[in-house]
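Please look through the sequence and the model below before reading on. The paragraphs that follow take the sheets, the cores and a few single residues in turn.

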Amino acid sequence: MRVLLVEDSVALADSLCTVLKQAGFAVDWRADGRDALLLGEQEPYDLCVLDLGLPGMDGLEVLRRWRAARISLPVLVLTARSNWSERVEGLRAGADDYLTKPFNPEELVLRAQNLLRRSHGHEPGAVIQARGLALDETRQEVTFIHAAAPAGSVSIELSATQFKLLRYFMLHAGQVLSKGRLAEHLYEYESERDSNVIEVQINHLRSKLGREVIVTRRGQGYIFVGLQP
């Protein structure tokens, strides 16, 4: 999942980039509201963490313009402003959640995870369940929960890339996902997006979970179907 972090404090941005990447997010950081506005319009982000007090363009104006353009990107607002009326103003502008500085970075990660789950129709919590599998975002492990699961199956450890890939599949279960779309949501803006790496990691996931869990749709991409009854 890909996050746009908009924060003009370099120290805070460095800290948040670190914890978000550890939680399996690809993170693009911008410090200027004008840059954020353009990236949010042009790139397919899954979430934005948006500070209000920004140079170039205030965070509230960025948010208002996105919503006026019908960009439904989930937005978690960060602010040092504690006045309740300013928080209300942010929510009216289209914010999905609010976090007042100072805060614990772990809380930000949990709020980001919950926002993403809700935006895809999943219940908040540490575990994503889809098609007979349960993915623990804290441990970055997957467990079989279907009656058709292999006997004696236990939690399966995933590499960082496998975890990010499986999370995206599970949040989009049943959808055809091209290698290009997967690359757009797994890599940062300036990263080299190698679709061959994605193909290799999908094969690794199949070796751990079963080849039937992810189906190839030739010429189109892949579908996460999970475990069948």
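Two strands pair if DSSP finds at least two bridges between them. The strands themselves, like the helices, are DSSP runs numbered from the N terminus: helices are H or I runs of at least four residues, and strands are E runs of at least two. The model is predicted, so local features need pLDDT of at least 70 and side-chain atom pairs count only at pLDDT 80 or more, while totals for chains, interfaces and linings use all residues. Residues are numbered from 1 along each chain as its sequence is written, and side-chain values use heavy atoms, with hydrogens and water left out.

Begin with an open sheet of 5 strands, which has the order S2-S1-S3-S4-S5 and parallel pairing. Strand S2 (26-30) and strand S5 (97-100) stand at its edges; each has a single partner strand, so one side of each is left without a neighbour in the sheet. From one strand to the next, the twist averages 20°; for such angles, axes are lines fitted to C-alpha atoms (for helices over the stretch in contact), and the values run from 0 to 180 degrees between N-to-C directions. Within this sheet, S1 and S2 pair in the parallel sense over 5 bridges, and Leu-4 stands opposite Asp-28 in S2.

Helices lie across these strands. H1 lies across S1, S2 and strand S4 (75-79), and runs at about 170° to S2. Helix H2 (residues 33-42) lies across S1 and S2, at about 160° to S1.

Now find Asp-51, which is in strand S3 (residues 47-51). The unreviewed UniProt entry places the feature "modified residue: 4-aspartylphosphate" at Asp-51. UniProt positions are given in the numbering used here, feature names are shortened, and annotations may be inferred rather than shown by experiment. Is Asp-51 buried or exposed? Asp-51 counts as buried because its relative accessibility is 3%; buried means under 20% relative accessible area, exposed means over 50%, and partly exposed is in between (1.4 Å probe, protein chains only). Contact means heavy atoms within 4.5 Å. Not counting residues up to four places away in sequence, Asp-51 touches Val-6, Glu-7, Asp-8, Gly-59, Leu-78, Thr-79 and Lys-101.

One of these contacts, Asp-8, sits in the loop between strand S1 (2-6) and helix H1 (10-22). Asp-8 is partly exposed, because its relative accessible area is 35%. Leaving aside neighbours within four places in sequence, Asp-8 is in contact with Ala-31, Asp-51, Gly-53, Leu-54 and Pro-55. Asp-8 and Leu-54 are 46 residues apart along the chain, and their C-alpha atoms are separated by 6.2 Å.

Next comes His-185, in helix H7 (residues 179-186). With a relative accessible area of 7%, His-185 is buried. The side chain of His-185 makes a polar contact with the side chain of Asp-46 (3.0 Å). A polar contact is a pair of N or O atoms within 3.5 Å; within protein, one must be able to donate a hydrogen and the other to accept it, and residues adjacent in sequence count only if both atoms are side-chain atoms. Apart from neighbours within four places in sequence, His-185 is in contact with Met-1, Arg-2, Pro-44, Asp-46 and Tyr-168.

A further open sheet, of 3 strands, has the order S10-S12-S11 with antiparallel pairing. S10 and S11 stand at the edges with a single partner strand each, so one side of each is left without a neighbour in the sheet. Strand S10 (residues 176-177) is joined to strand S12 (residues 221-224) by 2 bridges: Val-176 has Ile-223 as its bridge partner in S12, and Leu-177 has Tyr-222. Strand S11 (residues 214-217) is joined to S12 by 4 bridges, and Thr-216 stands opposite Tyr-222. S11 and S12 form a hairpin with 3 residues between them, and Gly-219 in the turn has a positive phi of about 80°. Helix H8 (residues 195-209) lies across S11 and S12, running at about 140° to S11.

In soluble globular proteins, nonpolar side chains tend to be buried together. A nonpolar core is a set of buried Ala, Val, Leu, Ile, Met, Phe, Trp, Tyr and Cys residues joined through side-chain atoms within 4.5 Å. The largest nonpolar core has 51 residues, of which Leu-108, Leu-166, Phe-169, Leu-182, Leu-209 and Phe-224 touch the most other members. Helix H6 (residues 160-171) gives the most to this core, with 7 residues. Apart from it lies another core, of 22 residues, including Val-6, Leu-54, Val-77 and Ala-95.
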